[in-house]
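Take a walk through this protein chain, from its overall make-up to a few local sites. Keep the sequence and the structure side by side.

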Amino acid sequence: MVSADAARTAVGVLGNAIALFLFLSPTPTFIRIWKKGSVEQYSPVPYLATLINCMVWVLYGLPMVHPHSTLVVTINGAGTLIELVYILLFLLYSDSRKRLQVAAAVLIELVFISVLAALVLTLVHTHERRSLVVGIVCMVFNVMMYASPLSVMKLVITTKSVEYMPFFLSLASFANGLCWTAYALIRFDVFIAAPNGLGSLLGLAQLILYATYYKSTKRQMAARKLKEMSLSEVVVNNGGDGDSKKTDGTAPQHEIQRA
């Protein structure tokens, strides 16, 4: 029979793989941003929330805080680096106002995690108490990470379009929450189980929204593309009419000069 430790390790490895997929799932979104040279209506909130979430979980998984949590450190360390790349791209392709807001948010997050680490490691002296303090903070930010797409969900309901709610990000959030909930239940860890259980429910809600508004999104995008094509044809035709008018106007002048 498989031991609880072996099962937990196996689920943790699977959780690492799914979480990595979660962190990489916005890649198509940022390729689109790079090609268009603009962040359009995409929100930086999910990436800022994921960054602070990853950083506090790295702190939680350190041996001096919560021993035997290597799998927690590895995936959240990778997530921190990936989110920093996304935020850098956001800074490059945002307008000056949004760029300033994002930069200020990142600075606040870095100051917060530095102060938290310093206080926990110097003022709290047992693994149990350190795990408790950092674990509570982790729960708060994990819920924030999963709840961060709520603003996008509101936009989806208002516009009846899922264009700015990436499907793979929603799917990965659901799968990630489910897997880490199972990991935490094998050897009960309330700090991992509670926020990830909530995260799986929020991920499911996003998938339901996606299924609800997928067809209307396709119709809106097709109508917009048709309108853009019609406008380009009008511009081309107007340009052609201008050239013909110019030609018609110059011919009589030459005839007058000859006369």
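Of the 259 residues in the protein chain, 40% are buried. Buried means under 20% relative accessible area, exposed means over 50%, and partly exposed lies in between, with a 1.4 Å probe and protein chains only. This is a predicted model, in which local features need pLDDT of at least 70 and side-chain atom pairs count only at pLDDT 80 or more, while totals for chains, interfaces and linings use all residues. Residues are numbered from 1 along each chain as its sequence is written, and side-chain values use heavy atoms, with hydrogens and water left out.

The secondary structure comes to nine helices and zero strands. Helices (H or I, at least four residues) and strands (E, at least two) are DSSP runs, numbered from the N terminus. Accessible areas come from the Shrake-Rupley method with a 1.4 Å probe; for residues, only the protein chains shown count as cover.

Start with helix α2, residues 27–36. Which of its residues are buried? They include T29, F30 and I33. Seen down the axis of α2, the buried residues fall within an arc of 90 degrees, so they line one face of the helix. The arc is that of the directions from the helix axis to the C-beta atoms. An α-helix has 3.6 residues a turn, so residues three or four places apart point the same way. The cover over the buried residues of α2 includes α3 (45–61) and α4 (70–92). On the other side of α2, W34 and K35 are exposed. G37 follows the helix, and its phi is positive, near 70 degrees.

Charge pairing comes next. Side chains of opposite charge can pair when their charged atoms come close. A salt bridge is a side-chain nitrogen of Lys or Arg within 4 Å of a carboxyl oxygen of Asp or Glu. The whole structure holds two salt bridges. R32 pairs with E40, with the closest N and O atoms 3.1 Å apart. K36 also bridges to E40, at 3.4 Å between the closest N and O atoms. R32 is partly exposed because its relative accessible area is 21%. K36, at 52%, is exposed. E40 counts as partly exposed at 26%. Shared partners join R32, K36 and E40 into one network.

Now move to helix α6 (residues 127–147), where N142 lies. Is N142 buried or exposed? Its relative accessibility is 3%, so N142 counts as buried. Leaving out residues up to four places away in sequence, N142 touches N53, W57, P195 and N196.

C54 is buried, at 0% relative accessibility. C138 is buried too, at 0%. A search of the whole structure finds zero disulfides, a disulfide being a pair of cysteine sulfur atoms within 2.5 Å.

L107, V111, V115, L119 and L123 make a nonpolar patch of about 470 Å². Patches are made of residues with over 30% relative accessible area and no salt bridge; like charges are joined within 9 Å, and nonpolar side chains (Val, Leu, Ile, Met, Phe, Trp, Tyr) within 5 Å. L107 lies in helix α5, residues 96–123. L107 counts as exposed because its relative accessibility is 54%.

How values were computed:
Contact = heavy atoms within 4.5 Å.
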